[in-house]
Amino acid sequence: MSKKVRTEAVDHLFEAILSLKGKEECYIFFEDICTVNELLSLSQRFEVAGMLRMQKTYLDIAEKTGASTATISRVNRSLNYGNDGYDMVFSRIGYGKGGSGEDSDAQ
């Protein structure tokens, strides 16, 4: 992560996130700290990353998520040249491998 992002304020935010216990607390906190559009954008990027890891095409991803090709490309760049954060999380939750993260009716 760039030094511009590693600030005391970001540390405080991450500490707050790490203090959350369960999905319901995440909903409560993130609905207060993010706008609806910010939260939906974050979740969209996460879905895009999972679909890219499942080798879905840009067209399939755009149709399923509503993401623009620019967003898909940006997420793909993070997957290929970033800090491996997506893959770290995917391996912990079993997402992005065509398994538990994918809707059962999507195939």
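Tutor: The face of α5 turned away from its buried side carries Thr69, Ala70 and Tyr81, which are exposed. Exposed means over 50% relative accessible area, buried under 20%, and partly exposed in between (1.4 Å probe, protein chains only). This is a predicted model: local features need pLDDT of at least 70, side-chain atom pairs count only at pLDDT 80 or more, and totals for chains, interfaces and linings use all residues. Residues are numbered from 1 along each chain as its sequence is written, and side-chain values use heavy atoms, leaving out hydrogens and water.

Student: Which residues of α5 are buried?

Tutor: An α-helix has 3.6 residues a turn, so residues three or four places apart point the same way. In α5 the buried residues are Thr71, Ile72, Val75 and Leu79. They lie on the same side of α5 because they cover an arc of only 100° around the axis, taken from the directions from the helix axis to the C-beta atoms.

Student: What do the buried residues of α5 pack against?

Tutor: They pack against α3 (36-53), α4 (58-65) and α6 (85-93); contact means heavy atoms within 4.5 Å. Helices here are DSSP runs (H or I, at least four residues), numbered from the N terminus.

Student: How many helices and strands does the protein chain have?

Tutor: The protein chain has 6 helices and 0 strands. Of its 107 residues, 18% count as buried.

Student: Where is isoleucine 33, and why does it count as partly exposed?

Tutor: Isoleucine 33 is in helix α2 (residues 23-33). It counts as partly exposed because its relative accessibility is 40%.

Note on methods
Helix = DSSP H or I, 4+ residues; strand = E, 2+ residues; numbered from the N terminus.
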